Amino acid sequence: MAPNLLVLGGTTEATALASALAARGLSGTFSYAGRVESPKPQALPLRVGGFGGAAGLAAHIREAGITHVVDATHPFAAQMSRNAVDACAETGVPLVALTRAPWRPEAGDDWQHVPDIAGAVAALSGERRRVFLAIGRMHLEDFATRPQHFYLARLVDAPEGALPLPDCAVEVSRGPFTVEGDVALMQAHGIELVVSKNSGGTGARAKIDAARTLGLPVLMIDRPALPVRAEVHEVQGVIDWLAHTGTDLGV
């Protein structure tokens, strides 16, 4: 069976997968949620924008003749991942998730685990600190309820207007980052605490290693719970999964 894949992307792993699929001459579409102003070019045709929930995704799967779905979204894109599980169950289309293995604390790490963004905000109820918010732009407003802190926010795109944080600085840059670069960044801003999602992978890990190097504590936001689904951690795992579903992989 010649496949027509839908790759739900937005991660470095999704980009690597798109290149591997295109190199094999496999047909598919790479879908961005549309939150980044200048998405990276991809080896597969791009689709930018939401689907309209699980029902909209199911409708797209049917209308576009999608044969396989690969969820290679960010580990914290929980709603998209849940929609993918529901839509694939409704349409009978096979689904696999290309996920990053979560980070685990190592010797010298000082982590405080919190279950979600609200837990991270609650943990910042104390005296003023200089905080590195390495969480993206979606939840910055939540931290406005803790205005006593200085915040360094690292964003992919420059913000439109002022951030909802009274005392803050913005670092506009796109990963992957280096430990040396993140050590220098934290030292330049006098950072005392890092707030991070447990994204896993290597592209965003530098801040965790930099925090260990500097002896800084980390508020680690644990991953959201997701429905049971097939998961692999490597691009080759997706290729093997496709082969097991009877897909013609060509050369």
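In this predicted model, helix α2, spanning residues 53–64, and helix α3, spanning residues 78–91, have axes that come within 8 Å and cross at roughly 50 degrees. In handedness, the crossing of α2 past α3 is right-handed.

Which residues make this contact? On the α2 side they are G53, A54, L57, A58, I61 and R62. The α3 side contributes M80, N83, A84, D86, A87, C88, E90 and T91. Sorted by class, the contact of α2 with α3 comprises 8 nonpolar, 3 polar and 3 charged residues.

A further pair is formed by helix α5, which covers residues 179–188, and helix α6, which covers residues 206–214. Their axes are 8 Å apart, and the two helices pack at an angle of about 60 degrees. An angle of 65 to 115 would count as roughly perpendicular; at about 60 degrees, α5 is therefore oblique to α6. The handedness of the α5 and α6 crossing is right-handed.

From α5, the residues in contact are V179, D182, V183, M186 and Q187. Their counterparts on α6 are A206, K207, D209, A210, A211, T213 and L214. In terms of residue class, the contact of α5 with α6 consists of 7 nonpolar, 2 polar and 3 charged residues.

Terms used: Residues are numbered from 1 along each chain as its sequence is written. This is a predicted model: local features need pLDDT of at least 70, side-chain atom pairs count only at pLDDT 80 or more; totals for chains, interfaces and linings use all residues. Side-chain values use heavy atoms; hydrogens and water are left out. Axes are lines fitted to C-alpha atoms, for helices over the stretch in contact, and angles run from 0 to 180 degrees between N-to-C directions. Helices (H or I, at least four residues) and strands (E, at least two) are DSSP runs, numbered from the N terminus. A crossing is left-handed if the near helix is turned anticlockwise from the far one by less than a right angle, and right-handed if clockwise. Contact means heavy atoms within 4.5 Å. Ala, Val, Leu, Ile, Met, Phe, Trp, Tyr, Cys and Pro count as nonpolar, Asp, Glu, Lys and Arg as charged, and the others, Gly among them, as polar. Angles under 35 degrees count as roughly parallel, over 145 as roughly antiparallel, 65 to 115 as roughly perpendicular and the rest as oblique.
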